[in-house]
Amino acid sequence: MKRTRIIKLNTTFKILLENSGFIALFITYLISFIIGCICVFKNENLLNYISTEFKTFYNIRSSGNFGTILLNSLLFAMPCVLLSFACGTSVVGCAISPICLIYKGFIFGTYSGYIYEMYELEGIVF
């Protein structure tokens with residue numbers, strides 16, 4: 001016996017309105033990611049910086065052991081997470097958390113743009 005379900009649009013919009021802050025943060029992350037992808041092609045200094053960072057990233061992951069790779073990943077991710085957590089209970093956190101999110105989106109966008117520019121299809125697979 002098949003049952004049908006009625007989707008009420010009022011509840012869908014209500015859910016979207018209740019989560020508008022999360023949606024706004026996601027959109028700002030996406031915009032900063034796209035800006036990072038575009039800027040890596042335009043700025044030579046940024047391209048050189050990301051090039052050296054990516055080579056370090058790749059060398060650690062290709063030649064390191066599991067503990068080194070895990071520690072490096074944690075050290076890369078933790079500063080923004082800890083800063084957002086520490087500032088989350090104050091008014092300052094309302095400004096710093098989105099700034100950290102924009103920074104991470106921009107950096108990940110520049111990494112993605114660099115990988116695509118240098119390695120093309122292999123970079124997408126990577």
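Me: Where does Ile-35 sit?
Reply: In this predicted model, Ile-35 is placed in helix 2, helices being DSSP runs of H or I with at least four residues, numbered from the N terminus.

Me: Which helix gives the largest share of the nonpolar patch?
Reply: Helix 2 does, with nine residues, while helix 1 (9-18) and helix 2 (20-42) each supply at least two. The patch, which includes Phe-13, Leu-16 and Ile-35, has about 1,000 Å² of accessible area together. Its members need over 30% relative accessible area and no salt bridge, and nonpolar side chains are joined within 5 Å; a salt bridge is a Lys or Arg side-chain nitrogen within 4 Å of an Asp or Glu carboxyl oxygen.

Me: Switching topic, how many aromatic pairs are there?
Reply: A search of the whole structure finds six. One of them, Phe-54 with Tyr-119, is tilted, at 6.1 Å centre to centre and 50° between the planes; pairing needs ring centres within 6.5 Å, with planes under 30 degrees apart stacked, over 60 edge-to-face and the rest tilted.

Me: Which helices does that pair link?
Reply: Phe-54 is in helix 3 (residues 44-63) and Tyr-119 in helix 5 (residues 91-119), 65 residues apart. Phe-54 is buried at 4%, whereas Tyr-119 is partly exposed at 39%.

Me: What limits apply to the model?
Reply: Local features need pLDDT of at least 70 and side-chain atom pairs 80 or more, while totals for chains, interfaces and linings use all residues. Numbering runs from 1 along each chain as its sequence is written, and side-chain values use heavy atoms, without hydrogens or water.

Methods
Buried < 20%, exposed > 50% of the residue type's maximum accessible area, 1.4 Å probe, protein only. Patch = residues over 30% accessible without salt bridge, like charges linked within 9 Å, V, L, I, M, F, W, Y side chains within 5 Å. Areas by Shrake-Rupley, 256 points an atom, 1.4 Å probe, with all protein chains shown as cover.
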